[in-house]
Amino acid sequence: MRRLLSLVLGLAQLSLAVVLLATSPRAGGQAQVRIDNFSFGPSALSVASGTTVVWENGDDIPHTIVAADASFRSAAIDSEETYSFTFPAAGDYVYFCGLHPFMTGKIIVSP
Amino acid sequence: MARRDRDDTGANPDRRQALECMVWAGTGVVWTVSGGVPCSLGLLGSKPAMAADSSFSFVQISDSHIGFEKPANPNARATLSAAIDKVKVLPVKPAFMLHTGDITHLSKPVEFDDATQLIGAADLDVHYVPGEHDVIDEARGEAYVDRYGKAAKDPGYYAFDHGGVRFIGLVNVVNLQAGGLGQLGGEQLAWLADNLAGLSASTPIVVFAHIPLWSVYPAWGWGTQDSEQALALLQRFGSVTVLNGHIHQLMQKVEGNVTFHTAYSTAFPQPQPGSAPSPGPQVVPAEKLRSVLGIRTVLFKTTSEPLAITDTPLSAP
């Protein structure tokens, strides 16, 4: 009986956790931006605050990720390497490649 | 852009100084520019006679990308070495060498070290300007300035005189802005104005910088957003030659008294503007690679002949 009770409680906790995750999409989670052919895909990405965005370079040339407002900046990201940044606050973050500044993108962070 | 013969300028009509680029070594003459307009293809393996009154020559190499190991060229060290071998066997020893940037691929110390060692085999003074690949260390250019920029204005622009020619090395690869192109910046432009002030308009000028100082293909970033301001400062001079790298292929343009040239890379070719989804390295068959890499030799002489330029690939097509 006690075992059954703890199972029920456990299931309840689990469903609560699922509900929390569902109401706060991708919070604390990850989202990807892929760099191919000197462009960011997607060029505009919407995430919840607290999300870690991972840029992965698919080109044979290094790129960098630089925020237009200088709030973040990567080192050189060589082929198949990644750079991550966690967005703590809501806002629109325009960024570009510091080597090839015609490459621009945006992360739209919701509260 | 309309062709304008140099005689039309009225500057030094009898004994004008001009820069002439010739091939001495190598197997292929790719471009000949007469009066700034490409007009003929040269002979393979020929050795144009050197004018008796020529005073000196120099070499331009570019985009050696030491550290690059991708399919477009698994061994950029070997092709830089082959380029230096071409320089070493030139029949007339050049006065010096220019390197128009992207010495390394990732600004790593070992890449700079290897480049220095390979280029040093030419036993020539080398005047560098950085490419964007040379300023991507954590300290954003410190590695470059420490090695090459000690005598220059941070982040590495400078000028020197040789044989009556003013050589000006500019930096257009730092502090680039979102959505922009190459950039010189106000401080460097002010320095350039100062440097040119008081200089006779008959002084030949050679400007060298990594990214082209004219708008080659802005969609791929092949241009410098404030180059017009630099060119305005150069407008009064009778002979201005602009040497760039960055696009890993030969291109020329004439605008008034200014001739623009981009150079071969010694590492890998890039596609012609708009001919590929991106400007990324172009893979060509291994046996063709050295026909699309090369060096440039520039002969300075006093001449009444129109300006001419030729570039040498590392091997025949």
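**Figure 1. Pro155(B) in the loop between α3 (142-148) and β7 (158-162) of chain B.** Helices (H or I, at least four residues) and strands (E, at least two) are DSSP runs, numbered from the N terminus. The peptide bond that leads from Asp154(B) into Pro155(B) is cis, and its omega is near 10 degrees. Most peptide bonds are trans. This is a predicted model, in which local features need pLDDT of at least 70 and side-chain atom pairs count only at pLDDT 80 or more, while totals for chains, interfaces and linings use all residues. Residues are numbered from 1 along each chain as its sequence is written, chains are lettered from A and ligands numbered from 1 in the order in which they are written, and side-chain values use heavy atoms, with hydrogens and water left out.

**Figure 2. Two loop residues of chain A, Asn37(A) and Pro42(A).** Asn37(A) belongs to the loop between β1 and β2 of chain A. Although Asn37(A) is not a glycine, its phi is positive, about 50 degrees. Most residues other than glycine have a negative phi. Pro42(A) belongs to the loop between β2 and β3 of chain A. The peptide bond from Gly41(A) to Pro42(A) is cis, with omega near -5 degrees.

**Figure 3. The open sheet β2-β1-β4-β6 of chain A.** This sheet has 4 strands, and their pairing is mixed. Two strands pair if DSSP finds at least two bridges between them. At the edges are β2 (39-41) and β6 (82-86) of chain A, each of which pairs on one side only. Neighbouring strands of the sheet are turned by 25 degrees against each other on average, direction ignored. Within it, β1 (residues 30-36) and β4 (residues 52-57) of chain A are parallel and share 6 bridges. In this pairing, Gln32(A) has Val54(A) of β4(A) as its bridge partner.

**Figure 4. The open sheet β3-β8-β7-β5 of chain A.** Here too the pairing of the 4 strands is mixed. The edge strands, β3 (44-48) and β5 (66-67) of chain A, each pair on one side only. Strands β7 (residues 91-96) and β8 (residues 104-110) of chain A run antiparallel and are joined by 6 bridges. Phe96(A) has Thr104(A) of β8(A) as its bridge partner.

**Figure 5. Helices α1 (residues 76-88) and α2 (residues 109-120) of chain B.** Their axes come within 9 Å and cross at roughly 25 degrees. α1(B) is therefore roughly parallel to α2(B), a term for angles under 35 degrees. Axes are lines fitted to C-alpha atoms, for helices over the stretch in contact, and angles run from 0 to 180 degrees between N-to-C directions.

Figure 6. The space in the largest cavity is about 180 Å³. Its lining has 23 residues, and the closest to its centre are Phe38(A), His100(A), Glu132(B), Trp222(B) and His246(B). By class, the lining has 12 nonpolar, 9 polar and 2 charged residues. Ala, Val, Leu, Ile, Met, Phe, Trp, Tyr, Cys and Pro count as nonpolar, Asp, Glu, Lys and Arg as charged, and the others, Gly among them, as polar.

**Figure 7. The largest pocket, with about 500 Å³ of space.** Among the 24 lining residues, Val135(B), Arg140(B), Gly141(B), Val174(B) and Asn175(B) are the closest to the centre of the pocket. The lining divides into 12 nonpolar, 5 polar and 7 charged residues. On a 1 Å grid over the protein atoms alone, a cavity is a set of points where a 1.4 Å probe fits but cannot get out; a pocket is an open set with protein on both sides within 12 Å along at least five of seven lines; lining residues have an atom within 4 Å of a point. Grid points are joined across faces, edges and corners, and a volume is the space filled by probe spheres set on the points.

Key:
Angles under 35 degrees count as roughly parallel, over 145 as roughly antiparallel, 65 to 115 as roughly perpendicular and the rest as oblique.
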